[in-house]
Number of protein chains: 2
Amino acid sequence: MPRALNTHDTFTAIAEPKRRELIETLIGRELSVNQVVEITQWRQPMVSKHLSVLKQAGLVSERKEGRQRVYTVNADKLKPIQLWIAQFEKHWNTQFDQLDHYLTDLQNSRPKTEAKNDD
Amino acid sequence: MPRALNTHDTFTAIAEPKRRELIETLIGRELSVNQVVEITQWRQPMVSKHLSVLKQAGLVSERKEGRQRVYTVNADKLKPIQLWIAQFEKHWNTQFDQLDHYLTDLQNSRPKTEAKNDD
DNA sequence: TTGATATATTCCTGTATAGGAATATTATGT
DNA sequence: ACATAATATTCCTATACAGGAATATATCAA
């Protein structure tokens with residue numbers, strides 16, 4: 001039962017750098033596939049395929065407009081990721097704690113030469 | 001040149017659900033591998049391997065303590081992801097805009113039966 | 001040294017892709 | 001119906017890698 005990863009998952013979908021670039025390109029506007037091709041300078045099938053993955057993950061929506069397909073980002077779909085990360089924000093600067101531990105350990109293991117010996 | 005993905009990248013590292021679980025398990029405390037094994041009930045090599053990937057991505061640090069290895073989360077390494085997502089926050093609720101567009105389009109394409117025909 | 005405990009690594013296999021090339025599909029205009 | 005423009009899909013190949021099993025390495029204790 002190898003590989004639990006699949007691109008339909010939001011986390012995996014944005015793990016691919018090109019797909020992140022695509023989201024950055026598309027954000028805040030509606031672009032047809034060819035417009036994306038022009039902007040990114042990637043091959044059209046590549047754009048279509050990455051867009052397709054993003055669509056499966058729900059990260060973009062597609063709308064037919066004449067013979068073009070116009071894509072938009074569903075920014076909300078990034079919310080769960082943001083929430084997942086948010087729960088760790090309070091540990092952001094906790095290296096200080098670790099440094100603290102480190103210093104404490106150091107002091108305990110040291111022969112205690114001098115310093116304020118006011119026990 | 002297939003597959004640009006590699007687990008040493010932070011985004012890819014957390015794309016794996018088990019790895020996210022591992023981070024959740026480890027956050028805010030220091031645990032040895034076996035403690036993680038007990039908590040998660042996964043096989044030890046699996047724990048070690050996932051921890052190794054997280055370490056390569058910089059998401060955890062490891063410290064030798066006797067014959068055990070104690071792991072901690074480097075929460076800061078999640079910051080870039082949070083920043084990447086943050087740039088899209090302002091588009092969070094923009095479906096309303098899209099709904100707006102939709103309604104406008106609808107009105108324009110409709111035969112305009114009645115309503116304020118003031119042109 | 002021997003044994004035991006803790007952890008990492010290696011080998012194997014199946015699978016999910018990313019990218020490229022070529023082709024298919026869909027919609028439009030005439 | 002036909003040509004064309006816009007986009008999607010299929011086929012191919014190389015590769016990354018998750019999970020399992022077995023084994024290696026390291027560290028301590030006696």
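These notebook entries record what I looked up in a predicted model with chains A and B.

**Entry 1: nonpolar core**

I began with the largest nonpolar core and found 42 residues in it. Leu54(A) and Leu54(B) have the most contacts inside this core. I then listed the elements that give two or more residues to it: in chain A these are α1 (10-13), α2 (17-26), α4 (44-56) and β3 (68-73), and in chain B they are α1 (10-13), α2 (17-26), α4 (44-56) and β3 (68-73). I note that, in soluble globular proteins, nonpolar side chains tend to be buried together.

I next looked up the neighbours of Leu54(B). Leaving aside residues up to four places away in sequence, Leu54(B) touches Ala13(B), Arg19(B), Leu22(B), Leu59(B) and Val60(B).

**Entry 2: sheet of chain B**

I turned to the strands of chain B and found an open sheet of 3 strands, ordered β1-β3-β2, with antiparallel pairing. The edge strands are β1 (31-32) and β2 (60-65) of chain B, each pairing on one side only. I traced the antiparallel pairing of β2(B) with β3(B) over 6 bridges. Within the sheet, I located Lys64(B) opposite Arg69(B), the latter in β3(B).

I also checked how α2(B) is placed relative to these strands. This helix lies across β1, β2 and β3 of chain B and runs at about 95 degrees to β3(B).

**Entry 3: contact between the chains**

I counted the residues on each side of the contact: chain A provides 25 and chain B provides 25. On the side of chain A that touches chain B, the elements giving two or more residues are α1, β3 and α5 (79-86) of chain A. Of the elements on that side, α5(A) gives the most, with 5 residues. By class, I recorded 15 nonpolar, 7 polar and 3 charged residues on the side of chain A that touches chain B.

I note that α1 and β3 of chain A are listed both for the core and for the side that touches chain B.

**Entry 4: helix pair in chain A**

Last, I examined α3 (residues 33-40) and α4 of chain A. Their axes come within 9 Å and cross at roughly 115 degrees, and the crossing is right-handed. From α3(A), the residues in the contact are Val33(A), Val36(A), Val37(A) and Thr40(A). They meet Gln44(A), Val47(A), Ser48(A) and Leu51(A) in α4(A).

Conventions. Residues are numbered from 1 along each chain as its sequence is written. Chains are lettered from A and ligands numbered from 1 in the order in which they are written. This is a predicted model: local features need pLDDT of at least 70, side-chain atom pairs count only at pLDDT 80 or more; totals for chains, interfaces and linings use all residues. A nonpolar core is a set of buried Ala, Val, Leu, Ile, Met, Phe, Trp, Tyr and Cys residues joined through C-beta atoms within 7 Å. A residue is buried if 20 or more other C-beta atoms lie within 10 Å of its own, exposed if 12 or fewer, and partly exposed in between; C-beta atoms are placed from the backbone. Helices (H or I, at least four residues) and strands (E, at least two) are DSSP runs, numbered from the N terminus. Two residues are in contact if their C-beta atoms, placed from the backbone, lie within 7 Å. Two strands pair if DSSP finds at least two bridges between them. Axes are lines fitted to C-alpha atoms, for helices over the stretch in contact, and angles run from 0 to 180 degrees between N-to-C directions. Ala, Val, Leu, Ile, Met, Phe, Trp, Tyr, Cys and Pro count as nonpolar, Asp, Glu, Lys and Arg as charged, and the others, Gly among them, as polar. A crossing is left-handed if the near helix is turned anticlockwise from the far one by less than a right angle, and right-handed if clockwise.
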